[in-house]
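Here is a walk through a two-chain model. Keep the sequence and the 3D view side by side as you read.

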Amino acid sequence: MPGTDDIRRLSDELAREPASLAFITLAGLLQARGEREAAWRLVERGSRRHPRNIAALSLFARLAAERGMWDEALLALDAVATLSADAAEISRARQTQAFLCYRCDRLGDADRYLDAAAAAGGDAAAISAARSRIRERLGDPDGRALFDALLEEGDLTALLVAADGLVTAGRCEAVDGRDVSAAVAAELSVVGDQATRAMRHLALGSWQTIVVEATDAMFAMTPVADGLALVATASSTPVGRLRRLLDRVSERARAWGRAA
Amino acid sequence: MSASARISPFSATLQVIMRQRGILGALIVDAVDGIPIESTLAVGVDGEAVAALAASLFDHACRASATANYGAGAYFQLQAEHGWLCVTGTSELVLAAVAEPRANVALLRLSMLRAREALVP
């Protein structure tokens, strides 16, 4: 049987030196031979002994995922992304997390992991393709639900507006439920343009955020790439939370822009 | 004419705003044409430009709010690299303030929203 000699040699090595990292290769070989339980026991024990070993954690995540232990796999990949100094490895771990979440229908989480993969400089084409699959499953091929997972109770809308005033992603619904995305985007792009012009006259440098308080809601906007990100919340929402939501939406919009 | 007779109805409002830390200018502006009605400005602040831009920004922000059915715009706050532009007002008058980054914008907001009540005819 292929690998039998290697398995015997690595087993002997482990028996002599239980702290050896030989368990990683040995577990891989056992897994390849279909001895899944033995591989799992080995990697489970070994990764407990070496909780900061990236190869061990990666293998643990792979075997845990194969056993349907999604949370354990996600935690191990979190550790990989946190411990690794290699951007490509971090991005791979985040993309794998996204894939696992996609498989178990946690689409909002999958989207967030793709943001993290993009932020780590991951393969833009692969991330974009993964995001498209999520949108298809969400029934959202055009990005209208891009920010939905970020909105909590009391949050009204999040919108990404291009420099020409057209909606790029997200949606804006009026209090009565009408979709007013296009009209609001057009008005806001004028506000953004005027703010940029105003900064030239007022010697205040470039503008960073605008917050508008209205009687029934408040909204905030910030420049993102060539356009604007907008969020709106109920008027009772603390301004600090409005700003935090704006930060998260901007981050998502930037990641989406990079991956698109 | 005595000195007190020359004090406009807006002087006290502007003084309250100007007394706060880091305020570079406070203006009452005609909301329709963006012309300053009364202002107190630090040296180097272009009152005409602030007035025109503040009125226009507030107007467009209010329009966006109305379009989304979010109600009437009450307060506009712009944060820039080197300071703040804060605006409140009514359909006729706008109160604008320009402030340094060190200004306490929470206090400024409260003062301006209180002052807004004095602008309502």
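A polar contact here is a pair of N or O atoms within 3.5 Å; within protein, one atom must be able to donate a hydrogen and the other to accept it. By that rule, 14 residue pairs are in polar contact across the interface of chain B and chain A, both residues at pLDDT 80 or more. The pLDDT cut-off applies because this is a predicted model.

The interface also holds one salt bridge by the rule used. The side chains of B:Arg109 and A:Glu213 form it, at 2.6 Å from N to O. On the side of chain B that touches chain A, α2, β3 and β4 each supply at least two residues. Helix α2(B) gives the most, with 11 residues. In total, 31 residues of chain B and 39 residues of chain A take part in the contact. About 2,900 Å² is buried between the two chains, and carbon and sulfur atoms give 61% of that area.

Now turn to the sheet. It is open and has 10 strands, in the order β2(A)-β1(A)-β5(A)-β4(A)-β3(A)-β3(B)-β4(B)-β5(B)-β1(B)-β2(B). The pairing is antiparallel.

Follow the chain B part. Strand β1(B), residues 23-30, pairs with β5(B), residues 93-99, over seven antiparallel bridges. Within this pair, B:Gly25 stands opposite B:Val98. Two helices pack on the sheet. Helix α1(B), residues 11-18, touches β1, β2 and β5 of chain B. Its direction makes about 150 degrees with that of β1(B). Helix α2(B), residues 47-67, touches β1, β2, β3, β4 and β5 of chain B, together with β3 and β4 of chain A. Its direction makes about 120 degrees with that of β3(B).

In chain A, β1 (residues 155-161) and β2 pair in the antiparallel sense over four bridges. A:Leu159 stands opposite A:Gly170.

Finally, look at A:Asp111 in helix α7(A), residues 107-119. Is this residue buried or exposed? A:Asp111 is buried, because its relative accessible area is 8% and the cut-off for buried is under 20%. Beyond its neighbours within four places in sequence, A:Asp111 is in contact with A:Arg131, A:Ile134, A:Leu146 and A:Arg252.

Definitions and conventions:
Residues numbered from 1 in each chain as written. Chains lettered and ligands numbered in written order. Predicted model: local features only at pLDDT ≥ 70, side-chain atom pairs only at ≥ 80, totals over all residues. Heavy atoms only, no water. Pairing = 2+ DSSP bridges. Contact = heavy atoms within 4.5 Å. Axes fitted to C-alpha atoms, helices over the stretch in contact; angles between N-to-C directions. Buried < 20%, exposed > 50% of the residue type's maximum accessible area, 1.4 Å probe, protein only. Buried area = accessible area lost by both parts, 1.4 Å probe. Salt bridge = Lys/Arg side-chain N within 4 Å of Asp/Glu carboxyl O. Polar contact = N/O pair within 3.5 Å; in protein donor to acceptor, adjacent residues only side chain to side chain.
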